[in-house]
Amino acid sequence: MDDDYVEAVLDLVEAIPSGRAMTYGTIAEVVADQLEAAGHRRRGGPRQVGQVLAHAGSGVPWWRVVNASGAPPARHLSRALEHLVAESTPLSADGSRVRLRQAIWFPDELE
DNA sequence: ACATTGACTAATT
DNA sequence: TAATTAGCCAATG
């Protein structure tokens, strides 16, 4: 995993607005498109995004990245939920996952 | 090289 | 809805 990939992921995560969220899979697609357009060979997937955040995600709003069912990473669940609540991110009734229908964000949406 | 492991996903039951 | 099961792709031993 080279620096270009790591940087692309971190930049994108930083761009997610407060109160919104993106899934690992979507981030992987956007980053793959970006790098491909920049001349690199297509690579990466949801798990690679997870790898990047696990090792280098401490400085970015990692709690705005959730899995395909809207759940934050199991290991940091409570810390993530604190942030999400503080940002009034739309949550499911039991407060354990993000309501993707409302909270999902995509980078070309007007801000 | 080979096997195992993960901040994952989509399909199936 | 929730649990299970293949796939997936790069890192690690």
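Predicted model: local features only at pLDDT ≥ 70, side-chain atom pairs only at ≥ 80, totals over all residues.
**Overall size.** A compact globule of 111 residues would have a radius of gyration near 13 Å, and chain A comes to 14 Å, so the two agree. I also looked up the extent of the C-alpha trace: about 45 × 30 × 20 Å along the principal axes.

**What's inside.** Next I checked how much of chain A is buried, and got 24% of its 111 residues. Then I turned to contacts. Taking those in chain A with a separation of 6 or more, I found that 60% join residues 24 or more positions apart.

**Order of elements.** I counted five helices and two strands in chain A. Going along the sequence, I wrote the pattern down as α-β-α-α-β-α-α.

**A look at α2.** I picked helix α2, which covers residues 24–37 and has 14 residues. From first C-alpha to last it reaches 20 Å, close to the 20 Å expected at 1.5 Å a residue. Which residues of α2 are buried? I noted Tyr24, Ile27 and Val31. Looking down the axis of α2, I saw these buried residues fall within an arc of 65°, so they line one face of the helix.

The face turned away from the buried side carries Asp33, Glu36 and Ala37, which are exposed. As for what covers the buried residues of α2, my list includes helices α1 (3–15) and α3 (46–56), plus strands β1 (22–23) and β2 (65–66). One more thing I spotted: just after α2, Gly39 has a positive phi of about 100°.

**Around DNA strand B.** I found 16 residues surrounding DNA strand B, and the closest are Tyr24, Pro46, Gly50, Asn67 and Pro73. Which elements give two or more residues to this surface? They are α2 and α3, and α3 provides the largest share, with five residues. Sorted by class, I got eight nonpolar, six polar and two charged residues near DNA strand B.

**Around DNA strand C.** Here I wrote down Met1, Arg43, Gly44, Gly45, Arg47, Gln48 and Gln51 as the residues surrounding DNA strand C. By class, that surface has one nonpolar, four polar and two charged residues.

Terms used
Residues numbered from 1 in each chain as written. Chains lettered and ligands numbered in written order. Helix = DSSP H or I, 4+ residues; strand = E, 2+ residues; numbered from the N terminus. Rg over C-alpha atoms; globule rule 2.2 N^0.38 Å. Buried ≥ 20, exposed ≤ 12 C-beta atoms within 10 Å, placed from the backbone. Contact = placed C-beta atoms within 7 Å. Expected span 1.5 Å × (residues − 1). Arc of directions from axis to C-beta. Near = placed C-beta within 6 Å. Nonpolar A, V, L, I, M, F, W, Y, C, P; charged D, E, K, R; others polar.
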